[in-house]
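Please read the report below alongside the sequence and the three-dimensional view. It is written for someone meeting this structure for the first time.

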Amino acid sequence: MADYEVTLSGSKLKEFLTRDDGLQGLVEDVLSQVLEAQMTEHIGAGRHERSESRQAYRNGHRPRRLYSRVGPLSLRVPQSRDGGFSTEIFRRYQRSEQALVLALMEMVVNGVSTRKVTNITEELCGASFSKSTVSRLCMELDLRVEAWNERPLNETRYPLVIVDALVIKVRKNKAVRPISALIAIGVSETGHREILGIRLGDSENEASWNSMFSWLKQRGLRDVFLIVSDAHQGLKNAADRHFQGVIWQRCQVHLRRNVLGLTPKSLRAKMAGLLEKILKAEDREEAFRAFGLLAEEMGDKAHKAVDDLENGLEDALSVLILPDKYRKRLRTTNMAERLNEEIRRRERVIRIFPNEDSAVRLTGALLAEQHETWSTGRRYLDMTDFLEWEQEWNRENMEISGQDKMKAMPA
């Protein structure tokens, strides 16, 4: 959406601040100004303006009701005689905002919400909703989310994949149960980030990740070179099974957190400093030399932490095979963690989803919106050097594999 200048007089602002529905009024005023500016842009002339660049003429307004977290907004949408005016305002709202409203409405309609949640819903939406209204809105949003979540992935290749899971609470079989929302993010050959999809699993176990990776492959995910994730053996096993030969990068932030958690409090500052030298090493040799110094100094004082670090260090250093410019962004799952925080911010209002469909609806709508921003925005990585390096890497490893097979053949 383009930038538009919005004006607000001091007297008008004072009026909004003294009204009970002042925030709603303020948002309505701002959106109305944006709509008028978009109409002027579409027509090529201001109201009553004579201009050679004029493309069409105004044709009154139509009312439009928009539900938001500041309450219902009553907007007057300008129309043009050519019928060609359209606005991004309503399209870009609504996948995430509407999903949140729908999840809350469902709780009320299904009779599973508390009195507090009912009050929140009415305060949030500014209205009561019938079952038929909820059903219609849910159907529309479900179709959009499903179309995005089931889209083919074979139009481009995603050599870099980051996966993570988010535990949410869902009412299931008359009880509240924790389930895992499994989320996959890919970096395409063009260097853009895309959210590949979301799938619910009973827990973050190997079976759930097998199902997740199988589903992604059925949609066209192929030739994955590197997977970044937390240390979960079931996830790693599933990745090895579905993407044979894939390189796994264990998230260094999670490893660091685990090691420090096993370190006595009095030694954590020192351990953190020694860990930094390992994880910021330029190559594997330097990293293992730094680990040797850490083990020598801390082995007797924090042997559990040192053992845990030794067990996870090999996988945490996988990123060092990559060209230097790609290491910083691919050594952790921070990208996925930030995405999870955004979901948590919305999910925290609901606390318990009334069913799995509602969970997919809200999280899927949020992810679809973020996917649109990422995939149409700036490149996350310049993949030119990576793709050239990857070709050389694959060629060298094929030669080594061929030599090993020759050695294994009987004379």
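The text that follows goes through the nonpolar core, the salt bridges, the charged surface patches, some backbone angles and some contacts between parts of the chain.

This is a predicted model, in which local features need pLDDT of at least 70 and side-chain atom pairs count only at pLDDT 80 or more, while totals for chains, interfaces and linings use all residues. Residues are numbered from 1 along each chain as its sequence is written, and side-chain values use heavy atoms, with hydrogens and water left out.

## The nonpolar core

In soluble globular proteins, nonpolar side chains tend to be buried together. A nonpolar core is here a set of buried Ala, Val, Leu, Ile, Met, Phe, Trp, Tyr and Cys residues joined through side-chain atoms within 4.5 Å; buried means under 20% relative accessible area, exposed means over 50%, and partly exposed lies in between, with a 1.4 Å probe and protein chains only. The largest such core in this model has 38 residues, and those with the most contacts inside it are Leu160, Ile162, Leu226, Leu322, Leu330, Leu367 and Phe386. At least two residues of this core come from each of the strands β3 (160–172), β4 (175–187), β5 (193–201) and β6 (226–229), and likewise from each of the helices α13 (334–350), α14 and α15. Helix α14 gives the most, with six residues. The helices (H or I, at least four residues) and strands (E, at least two) are DSSP runs, numbered from the N terminus.

## Salt bridges

Side chains of opposite charge can pair when their charged atoms come close. A salt bridge is defined as a side-chain nitrogen of Lys or Arg within 4 Å of a carboxyl oxygen of Asp or Glu, and by this rule the count comes to 17 salt bridges. Three of these pairs are set out in the table.

| Pair | N to O distance |
|---|---|
| Lys172 and Asp202 | 3.4 Å |
| Glu297 and Lys270 | 2.4 Å |
| Arg379 and Asp382 | 3.7 Å |

In the salt bridge between Lys172 and Asp202, Lys172 lies in strand β3 and Asp202 in the loop between β5 and α6, so the pair ties together parts that are 30 residues apart in sequence. Lys172 is partly exposed, at 26% relative accessibility, whereas Asp202 is exposed, at 56%. For the salt bridge between Glu297 and Lys270, Glu297 belongs to helix α10 and Lys270 to helix α9 (residues 268–279), so this pair ties together parts that are 27 residues apart in sequence. Glu297 is partly exposed with a relative accessible area of 33%, and Lys270 is partly exposed with 41%. In the remaining pair of the table, Arg379 is partly exposed at 46% relative accessibility, and Asp382 is partly exposed at 32%. Apart from the table, a network of salt bridges links Arg157, Glu189 and Glu390.

## Charged surface patches

Patches are made of residues with over 30% relative accessible area and no salt bridge, like charges being joined within 9 Å. Lys and Arg count as positive and Asp and Glu as negative, while His and the chain ends are not counted. Lys328, Arg329, Arg338 and Arg378 form a positive surface patch. One of its members, Arg378, is found in the loop between α14 (356–376) and α15 (384–408), and Arg378 is exposed, with a relative accessible area of 79%. A patch of negative charge on the surface gathers Glu282, Asp283, Glu285 and Glu286; of these, Glu285 is found in helix α10 and is exposed, with a relative accessible area of 53%.

## Positive phi angles

Most residues other than glycine have a negative phi. Lys174, although not a glycine, has a positive phi of about 65°; Lys174 is placed in the loop between β3 and β4 and is exposed at 86% relative accessibility. Asp223, also not a glycine, has a positive phi of about 50°, lies in the loop between α6 (206–218) and β6, and is partly exposed at 47% relative accessibility.

## Contacts along the chain

Leu294 is in helix α10 (residues 284–298) and is buried at 0% relative accessibility. Leu294 and Lys277 are 17 residues apart in sequence, and their C-alpha atoms are 9.5 Å apart in space. Arg250, in strand β7 (residues 247–250), is buried with a relative accessible area of 8%, and its C-alpha atom is separated by 7.8 Å from that of Ser318, 68 residues away along the chain.

Note on methods:
Patch = residues over 30% accessible without salt bridge, like charges linked within 9 Å, V, L, I, M, F, W, Y side chains within 5 Å. Areas by Shrake-Rupley, 256 points an atom, 1.4 Å probe, with all protein chains shown as cover. Charge placed at Lys NZ, Arg CZ, Asp CG, Glu CD.
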